[in-house]
Amino acid sequence: MGAEMTKFLRLRALAPQRGSLAQAGALVLDHAVGFVALLGMTLGLLVWRDPLGFGRTWPMGVAAGLVTIGVFGAPVVGNSARFGETLSSTRESIRQHRVAVVVGLLGSVAMHALLATAVFVGARDTGIAIAWPELLLVLTGAGMLQLLPINVAGVGAGDVAGTGLYLALGLSMPDALTLVS
């Protein structure tokens, strides 16, 4: 929450003429774009590699389910007056700034690929045998859970999920904890 409050206050200082709701909406959109990048990368890697042995069709089913929920859920939720106005305003803003949204999406993908590369180099240099796509899968999958504000003694939901995914990929507990840290 501290990081989000800092971002909000910085936005207020940079653009005081903008309302608080618009600035909070910008933060939500930032997270939404990042989440879409993480979700797309994770589902794509699950379809391509199937590292957990669940089959390659279920990630496509998840993607189709999310699209279906969005298509049918948005009009239902959009019928509430205030939320409907906010949703329409957000859609229009995304349309007007679609190039910036795409650049943000691609920047997010590039950042996660570079992070996976950095962890891969560290893993290789410490003797942990894991392929780069599996690292990217764990980092993107666990990254989605970083959005949950759950943290106990410095350990977040993403850390727990990352450790579990590394273990599911066949790494030992010490190697999994090393990579998560």
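Trainee: Where does Thr163 lie?
Mentor: Thr163 lies in helix H7, residues 157-168. Helices here are DSSP runs of H or I with at least four residues, numbered from the N terminus. The model is predicted, so local features need pLDDT of at least 70, side-chain atom pairs count only at pLDDT 80 or more, and totals for chains, interfaces and linings use all residues. Residues are numbered from 1 along each chain as its sequence is written, and side-chain values use heavy atoms, with hydrogens and water left out.

Trainee: Is Thr163 buried or exposed?
Mentor: Thr163 counts as buried, at 12% relative accessibility. Buried means under 20% relative accessible area, with a 1.4 Å probe and protein chains only.

Trainee: What does Thr163 touch?
Mentor: Met173, Ala176, Leu177 and Val180, leaving out residues up to four places away in sequence. Contact means heavy atoms within 4.5 Å.

Trainee: Switching to H2. How do H2 and H5 cross?
Mentor: At roughly 55 degrees, and their axes come within 9 Å. H2 covers residues 20-49 and H5 covers residues 98-125. Axes are lines fitted to C-alpha atoms, for helices over the stretch in contact, and angles run from 0 to 180 degrees between N-to-C directions. That makes H2 oblique to H5. Oblique is what remains after under 35 degrees (roughly parallel), over 145 (roughly antiparallel) and 65 to 115 (roughly perpendicular).

Trainee: Which residues make that contact?
Mentor: From H2, Val33, Gly34, Val36, Ala37, Leu38 and Met41. From H5, Val101, Gly104, Leu105, Ser108, Val109 and His112. They divide into eight nonpolar, four polar and no charged. Ala, Val, Leu, Ile, Met, Phe, Trp, Tyr, Cys and Pro count as nonpolar, Asp, Glu, Lys and Arg as charged, and the others, Gly among them, as polar.

Trainee: And what about H2 with H6?
Mentor: H6 is residues 132-145; H2 and H6 pack at about 140 degrees, axes 9 Å apart. H2 is oblique to H6 as well. On the H2 side, the contact includes Phe35, Trp48 and Arg49. On the H6 side, Pro133, Glu134 and Met144 are among them. This contact has eleven nonpolar, four polar and two charged residues.

Trainee: What comes just after H2?
Mentor: Asp50, with a positive phi of about 45 degrees.

Note on methods
Helices (H or I, at least four residues) and strands (E, at least two) are DSSP runs, numbered from the N terminus. Buried means under 20% relative accessible area, exposed over 50%, partly exposed in between (1.4 Å probe, protein chains only).
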